[in-house]
Amino acid sequence: MEPAASTSHLVETRTLRGFQPWRQFVNDNFPWLRIASPRDDDFHARVRLTSLGERSVAVIRADQCQLTRTDYAIKRAETGYLKVMWQQAGRMLVEQDGHRTVLRPGDITVCDTSRPYRLEKDHQAQLTVLTLPYHAVPGWHQISDRLCGRSLSDRTTARAALAALLALLERPGDGDSAQTIFQAVQLMLSALIHCSVRPAGQASPTLRLDTAHQHVLAHIDDPHLSPDELAEALHVSRRALYRLFQEHQVTPGRFIRQVRLDAVRDALALPDNDHRSILEVALDYGFTDSASFSRSFKAAFAISPSDWRLQARGRHN
């Protein structure tokens, strides 16, 4: 099988003077947030950002402001995302799901854009914001209400993930490396998130699911990847594997297919794949038949692959 076509990513740096340019930047890059600030013409912000498919990362230093995700905004938004936030300088108040936390340098938290939240940042506080689709963290919907608006505990993993993202912002242009870095950061954060909700001394079934997710991603171009191989990778019996997936109301086969579909959806959103046929992209991720792939894609996402690609192109234009 031939390797996927090389992709690219651009790093953008902006210096914003005045509250209206800041408001426009937020509306363009973090839509459906209500923004307020005690400063107006004297407002200053500096931003570095890059994106790849549904994933993006931005380092933001800005004057004092409030950003609120309201019920109205949630109803208008097309889909929800995870927002992972590292506090690098200054302080920021985070509120979601009844949790209220003041982040200080070195702290990390996560918000879910499908539910209301509020951020209140100090003057010239700096943070890094990583936006991820839900499937980046397997089992997210079962644990999110215990995490959002709280400071996560594993600072060592958090620092490693942040260092990888900051390195990504220093190396624009190499899309294949960017894809690898985003995947590595996802795996680190998924482990961090699952460990944050695991009772001390207990094994986490969700963490095992994350290990299965990592194994599928590592062998995603193999059309013959099977539940037996997953059982071997997790060091469990086939029966135990099915019990694990039954807790999440999915079979191992359906899990493998969903990971493949998520990956193809991300790939079809990349501008540098526009010259390739949908089948070419699907073959890179272990699909072997155009008709069955199209049926599975539409069943999973309620949109055809071709319509999804057109919709993604509209976002890039």
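Predicted model: local features only at pLDDT ≥ 70, side-chain atom pairs only at ≥ 80, totals over all residues.
Me: In which order do the five strands of the open sheet stand?

Reply: Strands of a sheet pair through backbone hydrogen bonds, either parallel or antiparallel. Strands (E, at least two residues) and helices (H or I, at least four residues) are DSSP runs numbered from the N terminus, and two strands pair if DSSP finds at least two bridges between them. Here the five strands form an open sheet in the order β2-β5-β10-β7-β8, and the pairing is antiparallel. Because β2 (34-36) and β8 (99-103) stand at the edges with a single partner strand each, one side of each is left without a neighbour in the sheet. Direction ignored, neighbouring strands of this sheet are turned by 10 degrees against each other on average, where axes are lines fitted to C-alpha atoms, for helices over the stretch in contact, and angles run from 0 to 180 degrees between N-to-C directions. Strand β5 (residues 65-69) pairs with β10 in the antiparallel sense over five bridges, and the bridge partner of Gln66 in β10 is Glu120.

Me: Which helix packs on this sheet, and which strands does the helix touch?

Reply: Contact means heavy atoms within 4.5 Å. Helix α1 packs on the sheet and touches β2 and β5, its direction making about 160 degrees with that of β2.

Me: How should I read the open sheet of six strands?

Reply: The order of this sheet is β1-β3-β4-β11-β6-β9, with antiparallel pairing. Its edge strands, β1 (12-17) and β9 (108-112), each pair on one side only, and neighbouring strands are turned by 20 degrees against each other on average, direction ignored. Helix α4 (residues 155-170) packs on this sheet, touching β3 (44-52), β4 (55-62), β6, β9 and β11, and its direction makes about 90 degrees with that of β6.

Me: How many bridges join β3 to β4, and which residue in β4 is the bridge partner of Val47?

Reply: Eight bridges join these antiparallel strands, and Val47 has Ile60 as its bridge partner in β4. The hairpin of β3 and β4 has two residues between the strands, and in this hairpin Gly53 takes a positive phi near 65 degrees.

Me: At what angle do the axes of α7 and α8 cross?

Reply: Angles under 35 degrees count as roughly parallel, over 145 as roughly antiparallel, 65 to 115 as roughly perpendicular and the rest as oblique. The axes of α7 (residues 227-234) and α8 (residues 238-247) come within 9 Å and cross at roughly 95 degrees, which means that α7 is roughly perpendicular to α8. Pro227, Asp228, Leu230, Ala231 and Leu234 in α7 meet Arg238, Leu241, Tyr242, Leu244 and Phe245 in α8. By class, this contact has eight nonpolar, no polar and two charged residues, where Ala, Val, Leu, Ile, Met, Phe, Trp, Tyr, Cys and Pro count as nonpolar, Asp, Glu, Lys and Arg as charged, and the others, Gly among them, as polar.

Me: What lines the largest cavity?

Reply: On a 1 Å grid over the protein atoms alone, a cavity is a set of points where a 1.4 Å probe fits but cannot get out, and lining residues have an atom within 4 Å of a point. Grid points are joined across faces, edges and corners, and a volume is the space filled by probe spheres set on the points. The structure holds one cavity of 30 Å³ or more, and the largest cavity has a volume of about 170 Å³. Its lining has 14 residues, of which Leu33, Ile60, Leu67, Leu119 and Val129 lie nearest the centre. By class, 12 are nonpolar, none polar and two charged, and β10 gives the most to the lining, with three residues.

Definitions and conventions
Residues numbered from 1 in each chain as written. Heavy atoms only, no water. 1 Å grid on protein atoms, 1.4 Å probe; cavity = no way out; pocket = protein on both sides within 12 Å on 5 of 7 lines; lining within 4 Å.
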